[in-house]
Amino acid sequence: VSESSWEISLRNHKDSAVDVELYEPVGGDWEILTSSHPATKKDAHTFTFEVVVPPNGETKVTYRVRVRWC
């Protein structure tokens, strides 16, 4: 079993907001413990975050995941 924390910075240099679908791969039997944005499980090895990045701004996505290896 291992746990790790991640922080991902998304920057937007446009004059309008952008919608970003952030894909995160993960192996083993995983569980998201905490996250700054709601996560969606796409398949056994992938989850995503739907993030809006403001014009000329930055959004940080943080999460903590626990992975169990058999």
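**Aromatic pairs**

Modeller: A search of the whole structure turns up 4 aromatic pairs. Keep in mind that this is a predicted model.

Colleague: Take F47 and Y63. Why is that pair edge-to-face?

Modeller: The ring centres of F47 and Y63 are 5.2 Å apart and the planes sit at 90°, so the pair is edge-to-face. The cut-off for that class is over 60 degrees.

Colleague: Which strands do F47 and Y63 lie in?

Modeller: F47 is in strand β5, residues 46-53, and Y63 is in strand β6, residues 58-68. So the pair ties together parts 16 residues apart in sequence.

Colleague: Is F47 buried or exposed? And Y63, buried or exposed?

Modeller: F47 has 1% relative accessibility, so F47 counts as buried. Y63 is buried as well, with a relative accessible area of 6%.

Colleague: What about F49 with Y63, how are those rings arranged?

Modeller: Tilted: the planes of F49 and Y63 are at 40°, with the centres 5.5 Å apart. F49 lies in strand β5 and Y63 in strand β6, so this pair ties together parts 14 residues apart in sequence.

Colleague: What is the relative accessible area of F49?

Modeller: 0%, so F49 is buried.

Colleague: Bigger picture now. Which residues do the ring pairs link into a cluster?

Modeller: W30, F47, F49 and Y63.

Key:
Residues are numbered from 1 along each chain as its sequence is written. This is a predicted model: local features need pLDDT of at least 70, side-chain atom pairs count only at pLDDT 80 or more; totals for chains, interfaces and linings use all residues. Side-chain values use heavy atoms; hydrogens and water are left out. Rings of Phe, Tyr and Trp (its six-membered ring) pair if their centres lie within 6.5 Å; planes under 30 degrees apart count as stacked, over 60 as edge-to-face and the rest as tilted. Helices (H or I, at least four residues) and strands (E, at least two) are DSSP runs, numbered from the N terminus. Buried means under 20% relative accessible area, exposed over 50%, partly exposed in between (1.4 Å probe, protein chains only).
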